Amino acid sequence: MTILQDLRNDPEGVSKHNDFFVDVRGFRTTPEGNNRCEVGGPVTLKESIENNVNRLTIKNDGSDYFFPWVNRGVGEVSVPINQPNGTIVTTGGMNGCALQVNRDGDNIIFYHDADNRYLGNLKQPQGQQLCRVEPSLYMKIPYGQTIVEENPRAGLAYLYQLICIRHNNKWKVTYSGIILGPGINMPIKRTFTPGVSKFLTSFSE
């Protein structure tokens, strides 16, 4: 059994001892008008190991879902309710962004709200809010920023990686802290502990 399958089966336990980075370069998003909003969709996740971190590459179409980070904008994906346990919904790195999830009819809509400020301005969320994870929840201690600032010539970058997994008929949100090196391939250099627990929250549909 792979670590990815283990994550599907036990999000809280597996995320406690493992870190995940989602490499988003394999997905083509769909622009929504001209207002800096983009839509994701179904994906296939493929895993590999790099410096003891699980790199998840994505490509269009599959049984999991991806929603993008959009610079000064909003990324989203609509997921039908009652997905099988083990279904993953993920996004790009969140550094000061917010995750919001709404129920609209028979769909769950996941929003990546850039800089925690554009959802509600550029785009009105649909339906009833089920969950919102703001930066104050996952960036309690600025470990990633501190590591980057201590090595200014190394060209490092940090990110907080959020992943949502359907488990026991709830959606569970976990996260990892990742340090990336410079270069187009985004080499994984190390991880950092983003907080007391890498399990953030859970919510029902």
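Predicted model: local features only at pLDDT ≥ 70, side-chain atom pairs only at ≥ 80, totals over all residues.
Student: Where do I start with the overall fold? How many helices and strands are there in the protein?

Tutor: Start with secondary structure. The protein has 4 helices and 15 strands. Along the principal axes, the C-alpha atoms fill a box of roughly 50 × 40 × 30 Å.

Student: What share of the 205 residues is buried?

Tutor: Buried residues make up 47% of them. The accessible surface comes to about 9,700 Å². Carbon and sulfur atoms hold 45% of that surface.

Student: How do I read contact range? What percentage of the contacts joins residues at least 24 apart?

Tutor: Take the contacts between residues at least 6 apart in sequence. Of these, 62% join residues at least 24 apart.

Student: And charge? How many positive and negative side chains does the protein have?

Tutor: There are 21 positive and 20 negative side chains. The centres of the two sets lie 3 Å apart.

Student: Next, cysteines. How many disulfides does the count come to?

Tutor: The general idea first. A disulfide is a covalent bond between the sulfur atoms of two cysteines. Here the count comes to 0 disulfides. C37 is in none, and its nearest cysteine sulfur, that of C97, is 13 Å away.

Student: Are C37 and C164 buried or exposed?

Tutor: The cut-off for buried is under 20% relative accessible area. C37 is at 3% and therefore counts as buried. C164, at 2%, is buried as well.

Student: Now loops. Where does P68 lie?

Tutor: P68 sits in the loop between β6 (64-67) and β7 (74-80). P68 counts as buried, at 4% relative accessibility. Look beyond its sequence neighbours within four places. P68 is then in contact with T29, E38, V39, G40, G75, E76, T91 and H112. P68 and Y111 are 43 residues apart in sequence, yet 8.6 Å apart in space, C-alpha to C-alpha.

Student: Which residues is Q83 in contact with, leaving aside its neighbours within four places?

Tutor: Q83 contacts S63, Y65, R166, W171 and E205. Its place is the loop between β7 and β8 (88-91). Q83 is buried, at 12% relative accessibility.

Student: Is R25 buried or partly exposed?

Tutor: R25 is partly exposed, with a relative accessible area of 45%. R25 lies in the loop between β1 (20-23) and β2 (30-31). Not counting residues up to four places away, R25 touches R55, I184, N185 and M186. R25 and I58 are 33 residues apart in sequence and 7.5 Å apart in space, C-alpha to C-alpha.

Student: Last, backbone angles. What is the phi of M186?

Tutor: Again, the general idea. Most residues other than glycine have a negative phi. M186 has a positive phi, near 50°. M186 lies in the loop between β13 (170-180) and β14 (188-192). M186 is partly exposed, at 22%. R72 has a positive phi too, near 55°. R72 is in the loop between β6 and β7. R72 is partly exposed, with a relative accessible area of 44%.

Terms used:
Residues numbered from 1 in each chain as written. Heavy atoms only, no water. Disulfide = S-S within 2.5 Å. Buried < 20%, exposed > 50% of the residue type's maximum accessible area, 1.4 Å probe, protein only. Helix = DSSP H or I, 4+ residues; strand = E, 2+ residues; numbered from the N terminus. Contact = heavy atoms within 4.5 Å. Areas by Shrake-Rupley, 256 points an atom, 1.4 Å probe, with all protein chains shown as cover. Lys, Arg positive; Asp, Glu negative; His and termini not counted. Charge placed at Lys NZ, Arg CZ, Asp CG, Glu CD.
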